[in-house]
Amino acid sequence: MRKDVRILLVGEPKVGKTSLIMSLVSEEFPDEVPLRAEEITIPADVTPERVPTHIVDYSEAEQSDEQLYQEISKANVICIVYSVNNKKSIEKVTSHWIPLINDRTDKDSRVPLILVGNKSDLVEHSSMETILPIMNQYQDIETCVECSAKNLKNISELFYYAQKAVLHPTGPLYCPEEKELKPSCIKALTRIFKVSDLDNDGILNDNELNFFQRTCFNTPLAPQALEDVKNVVRRNMTDGVKDNGLTLKGFLFLHTLFIQRGRHETTWTVLRRFGYDDDLELTQEYLFPLIKIPADCTTELNHNAYLFLQSVFDKHDKDRDCALSPDEVKDLFKVFPYMPWGPDVNNTVCTNEQGWITYQGYLSQWTLTTYLDVQRSLEYLGYLGYSIIYEQESQAAAITVTRNKRIDLQKKQTQRSVFRCNVLGARGSGKSGFLQAFLGRNLQRQRRIREDHKSFYAISTTYVYGQEKYLLLHEVMPDFDFLSEADLACDVVCLVYDINNPRSFEYCAKVYKQYFIDSKTPCVLIAAKSDLHEVRQHYSLTPHEFCRKHKLHPPQPFTCNSTDAPNKDIYTRLTTMAMYPHMAQADLKNSTFWLRASVGATVFAVLGFAMYRALLKQR
């Protein structure tokens with residue numbers, strides 16, 4: 001909502017502009033009227049809308065045309081004052097003042113106008129018959145008020161309407177010629193309806209209507225008031241109420257009714273509560289709340305955020321198959337101005353046999369977005385109405401900023417849930433296959449992935465000592481000389497080489513020696529395509545000798561050329577190394593580290609599956 005309102009009064013000389021201002025301030029008609037009143041400011045606490053209001057007078061005798069133009073450009077609303085007993089001043093409204101104001105304001109953001117008929121105490125009749133055709137001709141005219149500075153008639157109402165024209169304008173909401181809501185208003189209210197429809201059945205039931213009412217107006221509706229609202233809709237349209245709940249058509253009809261009855265503030269209160277500005281766009285403050293992320297810290301979703309996202313998934317998983325079909329995904333994102341997930345998402349997270357994103361894959365994608373681009377995650381949560389439904393100040397309440405990684409290393413423990421593994425290797429070494437295998441896809445399934453739908457990320461859950469963690473794999477492009485800080489910043493590094501290609505290992509050796517030899521980041525060599533014949537690498541040391549020399553774990557054999565889903569032990573090991581880098585770099589002579597990680601993974605994978613099945617039964 002605007003921080004203040006600036007009202008400008010213009011009109012022909014002697015129509016009573018200055019008298020109106022002085023009568024408002026002193027609550028009595030002035031004995032002596034100056035040529036022009038000084039600008040006055042009415043404090044927020046004495047205005048109905050609680051917004052400071054500046055009232056500016058114009059005098060042809062005291063001000064130049066240039067000064068008038070400047071005031072027009074600064075005004076939020078302009079009152080064109082005429083005298084009800086002076087026909088010439090009424091004619092000047094259309095012949096002079098409206099064209100002058102329109103010439104000085106931007107076509108796309110015209111300032112609202114209010115026609116003010118002063119000196120009503122001097123005549124018996126109303127000027128409304130003359131004024132109504134003018135109001136119908138010009139859309140920018142919000143309303144017309146007849147008043148008397150002398151009798152103090154409608155003075156406070158005049159300035160209230162002026163304030164209301166700025167804070168609750170009709171223009172963006174309603175088309176008076178068509179007598180219907182404007183498309184941008186329908187679009188905003190449709191999103192609000194969908195966010196408020198918590199079970200996604202296309203109807204706002206009594207509980208949802210009460211939640212909506214409490215959210216927007218801080219007070220629930222009495223049962224009789226709820227019935228009265230629905231009866232009004234029933235009387236006016238056949239499909240506005242269904243199963244004793246309000247349909248979208250009924251919801252839009254109610255807002256049309258509010259506006260037609262001059263209660264624009266009701267609709268504006270709803271729009272602003274759901275994050276909209278005066279142009280019916282979601283505000284930057286709403287979509288991108290401030291969040292501080294110090295260096296070496298990461299961003300994760302907290303428990304409440306996951307609960308919210310689970311509820312969003314549940315309400316769109318209509319067939320209860322624990323996966324989102326393309327139509328269900330489309331329905332979920334109807335509250336967005338664009339489709340945020342492209343086809344690459346289906347190759348970034350777990351999907352079912354039909355290629356639909358599973359419940360686990362859906363949460364994984366949200367986790368990935370929050371980790372890589374928290375601003376985008378905040379924006380998405382904003383579209384879904386997180387802060388409204390969870391009654392939080394902003395979406396920032398959904399984010400946990402982890403502590404500095406250095407502290408984790410010092411304390412030899414971490415509270416983080418998401419760990420990043422950068423996967424490096426020469427072209428054709430098997431990096432993409434390594435990523436897809438993490439999502440349970442063997443070589444046969446991987447061959448069905450279109451080139452333009454490929455993803456450089458893969459994310460899923462692993463279990464480390466009974467704790468569910470997310471491992472995020474990032475395939476780094478193999479331009480050796482152009483590895484950036486982002487390519488190197490991670491919790492664990494995978495160096496992948498093809499055992500069947502004699503030139504494949506050399507890249508891994510060079511990358512390790514140039515970038516990671518003095519790093520505290522744990523590194524693992526992956527001997528990919530281990531189902532093929534191993535050839536001697538064209539490098540001075542064999543991969544095993546290289547690992548011994550640099551105190552690395554021996555190369556880990558890996559293949560995704562299997563009939564079933566590929567073995568996932570290596571991913572649990574990588575997560576374990578990322579969580580406990582001090583252990584990963586410790587005593588490499590014995591294999592207890594690998595053994596503990598593998599046994600822990602097996603036990604908790606079984607346990608995790610049992611818990612998942614129990615969860616499915618509940619859902």
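User: What should I know about the model and its numbering?

Analyst: This is a predicted model, in which local features need pLDDT of at least 70 and side-chain atom pairs count only at pLDDT 80 or more, while totals for chains, interfaces and linings use all residues. Residues are numbered from 1 along each chain as its sequence is written, and side-chain values use heavy atoms, with hydrogens and water left out.

User: What makes strand S19 "mostly covered"?

Analyst: Buried means under 20% relative accessible area, against over 50% for exposed and partly exposed in between (1.4 Å probe, protein chains only). Seven of the seven residues of S19, which spans 492-498, are buried. Val 492, Cys 494, Val 496 and Asp 498 point one way, Val 493, Leu 495 and Tyr 497 point the other way, and all are buried. In a regular strand the side chains alternate between the two faces of the sheet.

User: How do you know which strands pair with S19?

Analyst: Strands (E, at least two residues) and helices (H or I, at least four) are DSSP runs numbered from the N terminus, and two strands pair if DSSP finds at least two bridges between them. Strand S16 (residues 418-425) and S19 have five bridges in the parallel sense, with Gly 425 opposite Val 496. S19 and strand S20 (residues 523-528) have six, also parallel, and there Tyr 497 stands opposite Ala 527.

User: Why is the unit of S19, helix H21 and S20 called right-handed?

Analyst: A crossover is right-handed if, with the strands pointing away from the viewer, the path from the first strand over the helix to the second runs clockwise. S19, H21 (residues 504-516) and S20 make a β-α-β unit to which that label is given.

User: What makes S9 and S10 edge strands?

Analyst: They belong to an open sheet of three strands in the order S9-S11-S10, with antiparallel pairing, and strand S9 (203-204) and strand S10 (241-242) each pair on one side only. S9 and strand S11 (residues 245-247) pair over two bridges, and Leu 204 has Leu 246 as its bridge partner in S11.

User: Why is the pair of Phe 212 and Phe 251 called edge-to-face?

Analyst: Rings of Phe, Tyr and Trp (its six-membered ring) pair if their centres lie within 6.5 Å, and planes under 30 degrees apart count as stacked, over 60 as edge-to-face and the rest as tilted. The centres of Phe 212 and Phe 251 are 5.5 Å apart and their planes stand at 75°, so the pair is edge-to-face. Phe 212 lies in helix H7 (residues 206-217) and Phe 251 in helix H9 (residues 248-260), 39 residues apart. Phe 212 counts as buried at 8% relative accessibility, and Phe 251 at 3%.

User: What is known of residues 304-339?

Analyst: UniProt, in an unreviewed entry, places the feature "domain: EF-hand" there, and such annotations may be inferred rather than shown by experiment. In the model, the span is 56% helix and 6% strand, and its end C-alpha atoms lie 24 Å apart.
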